[in-house]
Amino acid sequence: TTAIGAVANIAFLVSPYYHVGITAQDWLRVGIFIVVSLAIAAIADQLEKSKRDLVQALQSEREGQAQLRAIADGVDEALLLISPDQRILDLNRRFVEIFGAPAERLTGQHLDDTRTLFEEVFAGEDPVYRLAQTGVAEDTQGVTQLVNQRWPQARELQLFTTTVGDGAGWVGRLFVFRDVTREREVDRMKSEFVSLVSHELRTPLTSIKGFTEMVLDGDAGEINEEVTE
């Protein structure tokens, strides 16, 4: 475009339609036209390059976010991220499945606006609201505890919470809920089994021990060294 414009300007100057003689000012105007055109072309090229880089960066960021979302939705634990100002930033698919609360209903909401839901979900005091109130500050120490869920299904959950951050600072507090209902039930069954076996074995073993001591004491007659061993 610059070359065509320059040629057109020169052609006009040397054409018979330009009756005034070609002066230095005419050549200066052509030179200025060429310089300005090249500068505009360079700026446009740089803007186009910046646009391509921006589009590529945006695409990479979207792909990264999609990967993170796939990872978060693929884990078996329910995840909840709360900002320093006690707003719900994000949650994963497992959280929706366990607590029966749509993501669009919670995301962006302040904790004060969700207390009714969490108080309905948990038996007794709402651990999310309590821990967020006391521990959402920038504290890297993690907290682990067992909580009981009563709605929409009775479960025993292991709750772990810790702060998370990025290179620019800390983002907020992450709550991780793991369903340990089956594990706790197996532990109770194991404890009951051990207790039952211990009780059932105690009586016969006590008798065996008593009779063995009688034999060793010679109450059943003399015994040789092999029998003693």
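## Exercises on a predicted chain

The protein chain exposes about 15,800 Å², of which carbon and sulfur atoms supply 58% (Shrake-Rupley method, 1.4 Å probe; for residues, only the protein chains shown count as cover). This is a predicted model, where local features need pLDDT of at least 70 and side-chain atom pairs count only at pLDDT 80 or more, while totals for chains, interfaces and linings use all residues. Residues are numbered from 1 along each chain as its sequence is written, and side-chain values use heavy atoms, leaving out hydrogens and water.

### Exercise 1: overall dimensions

Compare the radius of gyration of the protein chain with that of a compact globule of 229 residues.

**Solution.** Start with the rule: 2.2 Å times the number of residues to the power 0.38, with the radius taken over C-alpha atoms. A compact globule of 229 residues would come out near 17 Å, but the protein chain has 40 Å. Next, look at the box: along the principal axes, the C-alpha atoms fill roughly 150 × 55 × 30 Å. Finally, 25% of the 229 residues count as buried (under 20% relative accessible area; exposed is over 50%, partly exposed in between; 1.4 Å probe, protein chains only).

### Exercise 2: salt bridges of Glu156

Work out which residues form salt bridges with Glu156, and whether Glu156 is buried or exposed.

**Solution.** Search for a side-chain nitrogen of Lys or Arg within 4 Å of a carboxyl oxygen of Asp or Glu. One partner is Arg184, with the closest N and O atoms 3.2 Å apart. This pair links strand S4 to helix H7, 28 residues apart. Another partner is Arg188, at 3.0 Å, and that pair also joins S4 and H7, 32 residues apart. Now check accessibility: Glu156 counts as buried at 16%, whereas Arg184 is partly exposed at 32% and Arg188 is partly exposed at 35%.

Methods. Helix = DSSP H or I, 4+ residues; strand = E, 2+ residues; numbered from the N terminus.
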